[in-house]
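Here's a walk through one protein model, for someone who likes to have the structure open while reading. Take a look first, and then we'll go through it piece by piece.

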Amino acid sequence: MALSLHNINKSFGNKKVLQNISLQIEKGEFVSLLGPSGSGKSTLFNIIGGLFSPDEGDVFLEERKITNRSGHISYMPQQPSLFPWRTVLENALLGQELAKKTDAEYAKKLLTKAGLGDMLDAYPHQLSGGMKQRVAFIRALLSPQEIMCLDEPFSALDAFTRLDMQKWLLETWEEVEQSIFFITHDIEEALFLSDKIVILSSNPAEIKEIIHVPFERPRKEELLLSYSFLDWKREVTEKMEMGNNELKK
Ligand SMILES: Nc1ncnc2c1ncn2[C@@H]1O[C@H](COP(=O)(O)OP(=O)(O)OP(=O)(O)O)[C@@H](O)[C@H]1O
Ligand SMILES: [Mg+2]
């Protein structure tokens, strides 16, 4: 398998955020993480990305232990952290530069496809929030690592642009052997994109449920309006509400 998490625990002060998180993501698999706001999703990604250390537990990439080590996965954080002194194109190329293998023409092609063709030489302060998000997304897409962690990559986009980016992500991902771990609050987005959906509880976050999404690939937009999609949406919504009600007890 590509990525495995072994019994991750993490507290901030005396607040326990993550409890016994164990999970496996196979090579080429698309896995989404759903959970209430503040449950610890970004914290888990920061641990996978090697930016935070877990109190207990380990992160493995194939057989290699990568706990506390950054650079092994391609990671798009929730706040698109672009370098203000670099242009759009230079920011997008950062992951490739670190791997010493840049392809500016391909980067330009992807940026253009994401509607940023006129902004290649602009600086981050000249971009809207949604544009910054797309640059950070393409930077992650261009990075050569085999696993990509995307923390709510499309949250700042309008519904129309968002659907375009989702379809495009699926097309791009279906061509490569990359694994994707994807945080979202949007149940439809999780169902449309994923092979597997992991539902987290909160206070502290534990894995409540892992759902295997049955829809065939390649997935088309029509799927979103099918009865079986709506059935699944209801089911996942109920499972998430169950988690929240338990919290209120
Ligand atoms: N560096 C930190 N220091 C102290 N507490 C933190 C830190 N980072 C996160 N937390 C706390 O950990 C908990 C989980 O935060 P996290 O950002 O992981 O949630 P999330 O599930 O990503 O939420 P959202 O859906 O709103 O993005 C919150 O209570 C937050 O206040
Ligand atoms: Mg978050």
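Predicted model: local features only at pLDDT ≥ 70, side-chain atom pairs only at ≥ 80, totals over all residues.

Residues are numbered from 1 along each chain as its sequence is written, chains are lettered from A and ligands numbered from 1 in the order in which they are written, and side-chain values use heavy atoms, with hydrogens and water left out.

**The sheet**

Let's start with the open sheet: 6 strands, ordered β6-β7-β8-β3-β9-β10, with mixed pairing. Helices (H or I, at least four residues) and strands (E, at least two) are DSSP runs numbered from the N terminus, and two strands pair if DSSP finds at least two bridges between them. At the edges sit β6 (74–76) and β10 (207–212), each pairing on one side only. On average, neighbouring strands of this sheet are turned by 15° against each other, direction ignored. For the angles here, axes are lines fitted to C-alpha atoms (for helices, over the stretch in contact), and angles run from 0 to 180 degrees between N-to-C directions.

Zooming in on one pair, β3 (residues 30–34) and β9 (residues 196–200) run parallel and are joined by 4 bridges. Here V31 stands opposite K196 in β9.

**Helices on the sheet**

Helix α6 (residues 159–175) packs on the sheet and touches β3, β7 and β8 (179–183), its direction making about 155° with that of β8. Contact here means heavy atoms within 4.5 Å. Helix α5 (residues 129–142) lies across β6 and β7 (147–151), at about 170° to β6.

**Salt bridges**

How many salt bridges does a search of the whole structure find? The search turns up 15, counting a side-chain nitrogen of Lys or Arg within 4 Å of a carboxyl oxygen of Asp or Glu. Here are some of them:

| Pair | Closest N and O atoms |
|---|---|
| E146 and K27 | 3.5 Å |
| K233 and E188 | 2.8 Å |

The E146–K27 pair links distant parts of the chain, 119 residues apart: E146 is in the loop between α5 and β7, and K27 is in the loop between β2 (15–25) and β3. E146 counts as partly exposed because its relative accessibility is 45%; the cut-offs are under 20% relative accessible area for buried, over 50% for exposed, and partly exposed in between (1.4 Å probe, protein chains only).

The K233–E188 pair also bridges distant parts of the chain, with K233 in helix α8 (residues 227–248) and E188 in helix α7 (residues 187–193), 45 residues apart. K233 is partly exposed at 29%, and E188 is partly exposed at 30%. There's a network too: salt bridges that share partners join R162, D186 and E189.

S42 is in helix α1 (residues 41–48) and Q78 is in the loop between β6 and α2 (88–92), 36 residues apart.

**A loop serine**

Leaving aside neighbours within four places in sequence, S143 is in contact with S74, G95 and Q178.
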